[in-house]
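Trainee: Please take a close look at one part of this model, the side-chain pairs. Walk me through them in one go.

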Amino acid sequence: MRAMVLGAAVIAAAPVQAQQVVTSSAPAKVAVTIYRAPDRGAADTIDPAWLGGYALISEEREVAIPAGDATIRFEGVAAGMLAETALVEGLGAGVSEKNLDAELLSPRNLYARAFGRPVVLRRADAKGRVREEQAIIRSVPDGAAIVQTKAGFEIANCGGLKDAIAYDGVPEGLNARPTLSIATHAAVARKARVRLTYLAWGFDWQAHYVVKLAPGAQAAQMTAWVTLANGDTTGFAQAQAAVVGGKPKFEESREQPQDAQDLVLHCRLSPVPPPLNEATPVFAPPAPVAMMADIMVTGSKRMMAPPVVVKEEALGDLRLYRVPMPTNVGAHSQKQVALMAARRVKIGLIHRADVDVGAQDGESQQARIRLRMANRKADGLGLALPGGGVAVVQQVGTADLPVGEGAMEDKAVGETANVEIGASPQVHLESRTRRISDRVEEIIATAHNANRWPVHFESQQLLPDGARVLSASARLGRQDGHPLWAATIPAGGTIRLTYRMQRPR
């Protein structure tokens, strides 16, 4: 089985309707505010082929409204527009209905609309000789292209032939660009500055932080970037772009729209029909068209001007990060702008391994490394941090080498971020349990540090429900309802905690 993308030749335009039609080809101004996909976690990267976020798009257009009944067409809206969310301001009284004419002019849609109608089949053989003949399409776009010619029923693109389909016109309802149409009735003709606002599906954004450790790992240089992704077929030039941090509530009330796709037709020379009781189709549907993942970086390299940094604003309980200058939000593209310019922040590297009382006795476990940051101004931060990926690097000579990578959830000012960035092969913990009586047990936890430098170590004691610590060889804190052992392990050293635990009756 092989696949071939068929081209589409449009020979004539659709007939013009008698009703007055006014077309606005493009907005004079546009603003694009992107909301993250509600179901995507902070550690999950953007999937360019399937963006699950939304954008609030606001356009300003100059429109000449004729007297009487008319249809005003707003061309170039997002193909993923949710038409029921569209608000039009500035038209005045007399707006009677609105329609999203989003069936785009594409090879796939042309083929589907021409089902059962005559077309021109343009055939090229292996020697490049081209001939044309009349044919009628007898199959839907998914699967094999079955056409009827004077010779009978045939499958396109089979037997060494390369076929293309030419159409004698554009079927009614297909548009070269996504279009919103509005029916109006005005007493007198006038010009208006109209604002069109709507939600569109197929957008997303992601924050990513880079932490460069300073010698001693007590401080770091931190930068942050925001990636804006537009999976729509419509691009927005010189837009006022912004992203919204936080988790607004979304509720699906309709099926998500699908972009116009290429036409992919399959050829099978000797198909073997499946048994009548088998539901598996002979021809598989075409794979979805992936979004181009080109990344355009708004910023500069060293020795040049600093990158453009977004401005933080309050938006109720959420945060708005606005790009301070107009920027292009291209169709099927991604763009990066700086969320935070390089700044020095205080950090802590914590080696963490918990004791699960009741687990296998004497088993050694590697500690996990956590990056800890207090989101306060005194420590170099003090701004709302949207969730995203965190990459930690350490300068060795002239190179920045990766230390680990993790993810951070949304953090408000004053909160502490604990980002797990990987395992430590040099720090281990093992624990043993000795029964003292029917209800009392003694736990001995031993932590080893093979590094040539001291490390800060934490271990949560995960006790059974209702159990309590009777005595301990070191002072224990409290975290998430469990005792917490925090200490410094010297370079190449070992520390030990011994405590007695009483189980409930």
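Mentor: Start with Glu-133, which forms a salt bridge with Arg-123, their closest N and O atoms lying 3.5 Å apart. Keep in mind that this is a predicted model. Glu-133 sits in strand S10 (residues 130-137) and Arg-123 in strand S9 (residues 118-124), so the bridge ties together parts that are 10 residues apart in sequence. Both partners, Glu-133 and Arg-123, are buried.

Next comes Arg-352. Its salt-bridge partner is Glu-458, with the closest N and O atoms 3.7 Å apart. This pair links distant parts of the chain: Arg-352 belongs to strand S24 (residues 348-352), Glu-458 to strand S31, and 106 residues separate them. Arg-352 has a relative accessible area of 6%, so it is buried, as the cut-off is under 20%. Glu-458 is buried too, at 5%.

Salt bridges with shared partners join Glu-60, Glu-62, Arg-193 and Arg-195 into one network. Within it, the side chains of Arg-193 and Glu-60 meet at 3.1 Å, N to O. Arg-193 lies in strand S15 and Glu-60 in strand S5, so this pair ties together parts that are 133 residues apart in sequence. The two ends differ in cover. Arg-193 has 38% relative accessibility and counts as partly exposed. Glu-60, with a relative accessible area of 17%, is buried. The structure as a whole holds 22 salt bridges.

Turn to the aromatic rings. A ring pair is described by the distance of the centres and the angle of the planes. The search of the whole structure finds 2 aromatic pairs. In one, the rings of Trp-50 and Trp-201 have centres 5.4 Å apart and planes at 70 degrees, so the pair is edge-to-face. The cut-off behind that label is an angle over 60 degrees. Trp-50 lies in the loop between strand S4 (29-35) and strand S5 (53-65), while Trp-201 is in strand S15 (residues 190-213), so the contact ties together parts that are 151 residues apart in sequence. Strand S15 also carries Arg-193, and strand S5 carries Glu-60. Cover differs here as well. Trp-50 is partly exposed, with a relative accessible area of 47%. Trp-201 is buried, at 8%.

The other pair is Phe-457 with Trp-485. Their ring centres are 5.7 Å apart and their planes stand at 80 degrees, so this pair is edge-to-face.

The secondary structure comes to 1 helix and 35 strands. Among contacts between residues at least 6 apart in sequence, 76% join residues at least 24 apart. Of the 505 residues, 43% count as buried. The accessible surface comes to about 26600 Å², and 53% of that belongs to carbon and sulfur atoms.

Note on methods: Residues numbered from 1 in each chain as written. Heavy atoms only, no water. Phe/Tyr/Trp six-rings, centres within 6.5 Å; stacked < 30°, edge-to-face > 60°. Helix = DSSP H or I, 4+ residues; strand = E, 2+ residues; numbered from the N terminus. Buried < 20%, exposed > 50% of the residue type's maximum accessible area, 1.4 Å probe, protein only. Contact = heavy atoms within 4.5 Å. Areas by Shrake-Rupley, 256 points an atom, 1.4 Å probe, with all protein chains shown as cover. Salt bridge = Lys/Arg side-chain N within 4 Å of Asp/Glu carboxyl O.
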